[in-house]
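Here's a quick briefing to read with the model open beside you. Take it topic by topic and click along as you go.

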Amino acid sequence: MKPKNFLLALSLLISVASFAQSFTYSPLKPKVGDKISFIYNKSATPLAKKNNIDFVVFYLNYITDKSSVVDIISSNKGNIYSGSFIVPANATLIAFSAKDNEVKDDNKKAGYIIPIYDADGKELMGANYTYGGISSNGFGEYFLGTENNIEKGLILVEKDWNAFPNNRNKMMGQNFSLLNRV
């Protein structure tokens, strides 16, 4: 295959693969203050036949216990919805939710989770700690439709525990609680 044709085929393949996803967002490594734009394609989700989809963004931070929630106004063209939101200073992790009344798109029980990054492109302290919390304390199960998984929660919490040893005093409660539940 000629290099020009190969590049064209590769770019088409990447475009098709990206479009096949239900939820995409940019920037891929958002920082505090960034505007995150998203595209949601309901076609291959549990919401495919629903018409009143609500989008909610949870700005989460289990280190400071300063979390918040906001409804997102979106626009749509057929099955494709788009919108945006700004990452607030209190967020270390964002959980995105799409639902129509009681029907949730749980992304095959994985949820739609977006860690927040620093200026160097590294996850903020508390991103994994918070993700571990919502994976194991019932929050993810109730609000996002994810499975409650204590082992996964502990692995995520310990990731921040090991990466930020000077801040372990802020992570003791959840870390020890999960260790006692495993």
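Let's settle one term before anything else: a residue is buried under 20% relative accessible area, exposed over 50%, and partly exposed in between, using a 1.4 Å probe and protein chains only. What you're looking at is a predicted model, where local features need pLDDT of at least 70, side-chain atom pairs count only at pLDDT 80 or more, and totals for chains, interfaces and linings use all residues. Residues are numbered from 1 along each chain as its sequence is written, and side-chain values use heavy atoms, with hydrogens and water left out. Helices (H or I, at least four residues) and strands (E, at least two) are DSSP runs, numbered from the N terminus.

- Just past the end of α2, G138 has a positive phi of about 95°.

**α4 against α5**

- These two helices, α4 and α5, pack at about 145° with their axes 9 Å apart; axes are lines fitted to C-alpha atoms, for helices over the stretch in contact, and angles run from 0 to 180 degrees between N-to-C directions.
- On the α4 side you'll find I150, G153, L154, V157, E158 and W161, which meet M172, Q174, N175, F176, L178, L179 and R181 of α5.
- Sorted by class, this contact of α4 with α5 has eight nonpolar, three polar and two charged residues. Ala, Val, Leu, Ile, Met, Phe, Trp, Tyr, Cys and Pro count as nonpolar, Asp, Glu, Lys and Arg as charged, and the others, Gly among them, as polar.

**The four-stranded sheet**

- Four strands make an open sheet in the order β1-β2-β6-β5, with antiparallel pairing; two strands pair if DSSP finds at least two bridges between them.
- β1 (23-26) and β5 (75-77) sit at the edges with a single partner strand each, so one side of each has no neighbour in the sheet.
- From one strand to the next, the twist averages 20°.
- Strand β2 (residues 35-41) is joined to β6 by seven bridges, running antiparallel, and I36 stands opposite F85 in β6.
- Between β5 and β6 (residues 80-86) there are three bridges, again antiparallel; N76 stands opposite Y81, and K77 has I80 as its bridge partner.
- β5 and β6 make a hairpin with two residues between them, and G78 in that turn has a positive phi of about 65°.

**Aromatic rings**

- The count comes to 18 aromatic pairs. Rings of Phe, Tyr and Trp (its six-membered ring) pair if their centres lie within 6.5 Å; planes under 30 degrees apart are stacked, over 60 edge-to-face, and the rest tilted.
- F139 and F143 have ring centres 4.8 Å apart and planes at 40°, so they're a tilted pair.
- Both F139 and F143 lie in helix α3, four residues apart, about one turn of the helix.
- F139 is buried at 16% relative accessible area, whereas F143 is partly exposed at 35%.
- One aromatic cluster includes F23, Y25, F38, Y40, Y81 and F85.

Notes. Contact means heavy atoms within 4.5 Å.
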